[in-house]
Amino acid sequence: MIGVNEITALIENGQLEKALAAYQEILANGSDEEKFLLSEELFRFGFMEETEALLESLLTNYPDEGELHVLLAETRIELGKEEEAMLSLEKVSEDDPAFPQALLLLADLYQMEGLFEVSEKKLLEAKRLLPEEPVIDFALGELFAHQGKLAEAIQYYETVLKSHEEIGGVNINQRMAETLSAGGSFEEALHFYEKAIEQKLEINTLFGFAFTALQAGYNQTAIEKFEELKALDPEYHSLYLYLAKAYEREEMVTDAFETVKLGIEQDEFNKDLYFYGGKLALKLPDEEAAEKLLRESIALDPGFTEGVLVLNKLLIKQERYEDVLDLIREADLNEEEEEPQLLWDEAVAFQHIEDFSQALNKYYLAYTFFKDNKEFLTDYGYFLIEEGKMTEAAEIFSKLVEKEPGNEEFRELLERLTDEQ
């Protein structure tokens, strides 16, 4: 009969048919030791169904062996048989050396099902049995972080870091950095990001470092780290928007704009890049480029109200009132929750193309939202005067005088309107 080492060699050489035939022989006639050793090898190679069969065979002879139940549960988890895995784990007795490992696996399974309190209970029971085991502290940290209980998560990660910087391939410094950043402790998080990067340079960690530096207001650090990430992986799409923002904060608008253009080359369907690029172009100023980019953002999302608002502002500045109305009509905006600013934009546009009835209607609708806005009241008040609606105009200018009692123009207009009534 072919031994375990020979089967392993056959698998490594791609001779799977021979390897599986030899596995069948051991499953039927092999010793318990051979079955156990082969189950470990087959698990390592990803042959889960075959591993499950070997472990089930062993458990017929050793029904109380906790280690076998744990291994079978791990195998069933890989097979997506979570309920059966739980049944295996519940067979491990409390006095079995494998009981803490069974508790850890049960905690994972309950967490997967969203039963966080039960998961926590299992982990705390494991910690009671093995109070110095860092894997349990790490699992508790992960559970609390997943629930958004950041202070508790940090407490357990700190405990792990006293003895380990890595558990199960996870960089604990990175976990600490991410958790601190999520809680708004950006400066403290940067310290752990530095240690995580020293431990292992990994692009997601580098992005987190750069993004946290940006949130903390360390724009130059953010630029340095985002540029480092861009050199390592130019296809890391998320970096471009934030790198551009870091440049803009440093008043390096041209660099920010060029960064956006590079980002669009990498991610041509990113609405946010086009929109932000449009706003940067307005700062340069390059109104032609701004309009093109803003229109692209709206084309990608016809219901993108913010894009319509910014483009409208440009079109009104350029006195392109028909284009303002066309843009609003063509955009797929929520009519039931119309953006108040769009009502104001429409009022101004209709006023300038001399569709006064429509303008009056839009001003009237917008007034509900902007009755305390000086700029709106000024537009509305002068429009009412043009329309000969002196009583209504007097009410508007009365509000403006209340807001700016020292404004002589408003005072004189109000007096004249009052006298004419």
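At what angle do helix 3 (residues 32–45) and helix 4 (residues 48–61) pack, and how far apart are their axes?

**View A. Packing of helix 3 against helix 4 in the predicted model.** Helix 3, which spans residues 32–45, packs against helix 4, which spans residues 48–61, at an angle of about 150 degrees, and the two axes lie 9 Å apart. Because angles over 145 degrees count as roughly antiparallel, helix 3 and helix 4 are described as roughly antiparallel to each other. Their crossing is left-handed. On the side of helix 3 the contact is made by D32, K35, F36, L38, S39, L42 and F43, which meet M48, E50, T51, L54, L55, S57, L58 and N61 of helix 4. Sorted by class, this contact comprises 8 nonpolar, 4 polar and 3 charged residues.

**View B. Packing of helix 11 against helix 12.** The axes of helix 11 (residues 172–182) and helix 12 (residues 186–199) come within 8 Å and cross at roughly 160 degrees, so that helix 11 runs roughly antiparallel to helix 12. Helix 11 passes helix 12 in a left-handed crossing. The residues of helix 11 that take part are N173, Q174, M176, A177, E178, L180 and S181, and their partners in helix 12 are F186, E188, A189, F192, Y193, K195, A196 and Q199. The contact of helix 11 with helix 12 has 8 nonpolar, 4 polar and 3 charged residues.

View C. When residues up to four places away in sequence are not counted, N312 touches V324, L327, I328, L342 and D345.

View D. The side chains of K317 and E287 are joined by a polar contact of 2.4 Å. K317 and H352 are 35 residues apart along the chain, and a separation of 12 Å lies between their C-alpha atoms.

Methods: Residues are numbered from 1 along each chain as its sequence is written. This is a predicted model: local features need pLDDT of at least 70, side-chain atom pairs count only at pLDDT 80 or more; totals for chains, interfaces and linings use all residues. Side-chain values use heavy atoms; hydrogens and water are left out. Axes are lines fitted to C-alpha atoms, for helices over the stretch in contact, and angles run from 0 to 180 degrees between N-to-C directions. Helices (H or I, at least four residues) and strands (E, at least two) are DSSP runs, numbered from the N terminus. Angles under 35 degrees count as roughly parallel, over 145 as roughly antiparallel, 65 to 115 as roughly perpendicular and the rest as oblique. A crossing is left-handed if the near helix is turned anticlockwise from the far one by less than a right angle, and right-handed if clockwise. Contact means heavy atoms within 4.5 Å. Ala, Val, Leu, Ile, Met, Phe, Trp, Tyr, Cys and Pro count as nonpolar, Asp, Glu, Lys and Arg as charged, and the others, Gly among them, as polar. A polar contact is a pair of N or O atoms within 3.5 Å; within protein, one must be able to donate a hydrogen and the other to accept it, and residues adjacent in sequence count only if both atoms are side-chain atoms.
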